[in-house]
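Here is a friendly walk through the model on display. Please keep the viewer open as you read.

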Amino acid sequence: MVINAFRIPMSKGILVIVALTAAAILATGFSIGTGAVRISLSEIWLYVFHGYDGPMKEIVWNIRLPRTLVGMLVGANLALSGALLQGVMRNSLADPHIIGVSSGAGLFGIIVLILFPHLWSMLTPIAFLGASGAAAIIYLLAWKDGVQPVRLILAGVAVSAFLGSGISALLIFFSDRVNGALVFMVGGLSAKSWPELEIILPYSLIGMSLAFIGSSHLNILALGDSNARGLGLSVEAARFFLTALATLLAASAVSVVGLLGFVGLIVPHSARLLIGSDYRFLLPASVLLGAAVVTFCDTLARLMFAPLELPVGIMMGALGAPFFLYLLRREAR
Amino acid sequence: MTLLRLEDVSVRLHNRTVLDSLNWQVEAGKIYSIIGPNGSGKSTLLKTCAGQLKPAQGKVLLQGRLLDSYPRRQLARHMAMLQQSQASLPDVSVRSLVSYGRFPHQPVWGAKRKEDEEIVEWAMAQTGTLPFAERKLSNLSGGERQRVWIAMTLAQQSGLILLDEPTTYLDVNHQWEVMELVHNLNRKYGITIVMVLHDLNHAAACSDELLVMRAGGMYASGSPEQVITDRMLRDVFGVRASVGRDDRSCRMHCHIEGLLEAVDFSAQPAIAAVK
């Protein structure tokens with residue numbers, strides 16, 4: 001009887017996780033299967049898991065599958081990063097923008113694309129450097145006997161505005177070279193393949209394992225600094241570690257596909273509405289939902305104006321913003 | 001046995017001395033209440049005992065060892081603290097919150113052991129929170145919620161519980177409920193209690209020892225009989241009062257009659273209003 005009562009909230013969490021896993025798998029199938037040529041689910045299965053040597057092998061293995069996987073990992077990393085930051089800041093409207101990841105990667109990316117186009121092959125590491133550098137600066141600026149969430153948010157807003165003005169200045173001074181930079185500013189999965197996957201995958205794997213270990217710490221942080229200390233949590237260390245983790249996750253995603261906005265905000269927020277604030281469930285739910293949403297939106301972005309392809313960032317914003325407003329209204333009621 | 005000892009402790013906050021060379025000790029197994037007017041340093045003292053504030057001068061010793069030398073996790077197994085006010089946690093269930101009390105006993109990855117579940121169950125049973133174990137914290141009344149937070153500190157299984165004004169925001173009935181609960185936990189399990197209280201009659205009724213604070217220092221300490229006097233109420237709180245023993249409960253009881261000096265607020269020049 002007692003044991004039974006203990007399982008009720010658990011099983012609801014597990015149910016949502018199972019549903020989200022199914023959604024992610026469906027989105028994957030949808031993404032690999034649709035495009036200029038349609039490929040049925042059973043065919044995909046044969047190509048991927050049985051080494052089937054059919055006419056679509058090239059399309060599946062070299063184009064659709066890697067692109068889909070990159071999209072999933074990007075979505076997962078950004079959503080997980082947002083969920084971690086929402087926990088650290090104790091603010092369900094926090095996202096990777098707040099720690100300067102987007103503006104840092106944006107400015108460094110634009111500098112490469114506009115001023116040093118010959119360094120194009122170095123775009124990803126340089127953008128990564130910009131993203132994590134901006135986060136480090138914000139963390140240092142917010143430091144005063146430890147870091148308070150409000151100070152971190154304010155420092156983030158200020159530094160992002162500063163870097164953002166640099167981006168705008170470059171776009172205006174070199175308006176003739178803006179074209180290549182625009183796609184990076186919006187974020188897109190076009191032509192992403194195995195090399196990009198190799199870059200993101202280690203961050204995803206390490207980030208996810210460490211984040212899930214940290215989930216119980218996030219639950220304790222949510223009780224407020226004094227309670228968390230009273231329960232034996234080293235609040236400063238936990239905050240630093242989790243912020244660093246969120247930075248690496250978001251920076252790895254953003255440096256590969258460009259400034260994909262919104263995933264890091266709406267996905268963890270939506271996951272919270274679905275599954276509650278227990279981070280042991282919220283983190284995996286965010287990962288799954290992030291992977292599903294980015295994959296789904298990218299597929300739509302490819303299909304909607306075919307053969308013209310929209311960057312997934314535009315689709316995310318167009319679908320995400322109204323959905324987010326709907327959630328906020330529902331929450332306010 | 002001396003559980004906690006403060007030697008010549010001073011605490012400074014925002015360049016102001018809030019605690020001034022305080023000496024005090026807490027014996028294991030007793031109930032201590034810290035009383036005193038607003039701003040006399042009660043909460044500061046409690047937070048210093050909990051290791052949440054560092055003394056600028058002097059030593060705080062837990063079982064003869066410097067408080068600072070305990071790793072956080074280990075300290076949390078020795079003492080639990082209930083904050084005065086809590087952040088609102090809308091979708092946390094009672095059981096989850098109480099289980100967070102097991103955090104200092106769990107490995108880093110937070111695996112839940114069977115023993116933890118049993119202790120959580122026990123803590124809820126002790127505080128009468130089992131009937132609403134699966135409900136959300138936001139759906140409880142103030143009194144119920146306070147008992148849940150106490151259950152969390154209980155699940156920490158520490159020998160010392162610090163409570164910062166545990167009865168604030170509660171109505172009379174629930175105030176006494178909390179007092180009874182604290183008293184029971186002490187008598188049944190020998191848990192040492194140190195709490196900050198505003199209500200002198202609560203303090204007198206439930207404590208073995210009182211510490212009276214005035215302006216960052218100790219005014220008096222001792223049993224309620226020794227400490228609660230007309231003179232103390234006049235010196236420390238600035239009120240006229242008659243102190244006696246309640247006929248039925250044999251507890252010390254004070255009846256506040258009014259302020260020592262009448263204050264006429266209307267006589268103050270209304271500078272702020274003119275500006």
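What is the mean pLDDT of chain A, and what share of its residues reach 70 or more?

## Confidence and conventions

Chain A has a mean pLDDT of 86, with 96% of its residues at 70 or more; pLDDT is the predictor's confidence in each residue, from 0 to 100. This is a predicted model, in which local features need pLDDT of at least 70 and side-chain atom pairs count only at pLDDT 80 or more, while totals for chains, interfaces and linings use all residues. Residues are numbered from 1 along each chain as its sequence is written, and chains are lettered from A and ligands numbered from 1 in the order in which they are written.

Helices (H or I, at least four residues) and strands (E, at least two) are DSSP runs, numbered from the N terminus. Residues 1-8 of chain A have pLDDT below 50, and this stretch makes five contacts in the model beyond near neighbours in sequence. Two residues are in contact if their C-beta atoms, placed from the backbone, lie within 7 Å. Where pLDDT is low, the predicted coordinates should not be read in detail.

## Where the chains meet

The contact draws 25 residues from chain B and 23 residues from chain A. On the side of chain B that touches chain A, two or more residues each come from α2 (72-78), β6 (79-82), α3 (94-100) and α4 (114-127) of chain B. The largest share, four residues, is given by α2(B). By type, that side of chain B has 14 nonpolar, five polar and six charged residues. Here Ala, Val, Leu, Ile, Met, Phe, Trp, Tyr, Cys and Pro count as nonpolar, Asp, Glu, Lys and Arg as charged, and the others, Gly among them, as polar.

## A buried alanine in chain A

Now take a look at A246(A), which is found in helix α10 (residues 235-257) of chain A. A246(A) is buried because 32 other C-beta atoms lie within 10 Å; the cut-offs are 20 or more such atoms for buried, 12 or fewer for exposed, and in between for partly exposed, with C-beta atoms placed from the backbone. Leaving aside neighbours within four places in sequence, A246(A) contacts S81(A), L84(A), L85(A), P96(A) and I99(A).

## Two sheets in chain B

One open sheet of chain B has six strands in the order β6-β7-β8-β3-β9-β10, with mixed pairing; two strands pair if DSSP finds at least two bridges between them. At its edges stand β6 and β10 (217-222) of chain B, each with a single partner strand, so one side of each is left without a neighbour in the sheet. Four bridges link β6(B) in the parallel sense to strand β7 (residues 160-164) of chain B, and A80(B) has I161(B) as its bridge partner in β7(B).

The other open sheet has four strands in the order β2-β1-β4-β5 (chain B), paired antiparallel. Strand β1 (residues 2-13) of chain B is joined by eight bridges to strand β2 (residues 16-27) of chain B, where W24(B) is the bridge partner of L6(B). Their hairpin has two residues between the strands, and H14(B) takes a positive phi near 50 degrees. β1(B) also pairs with strand β4 (residues 57-62) of chain B over five bridges, with L4(B) opposite L62(B).
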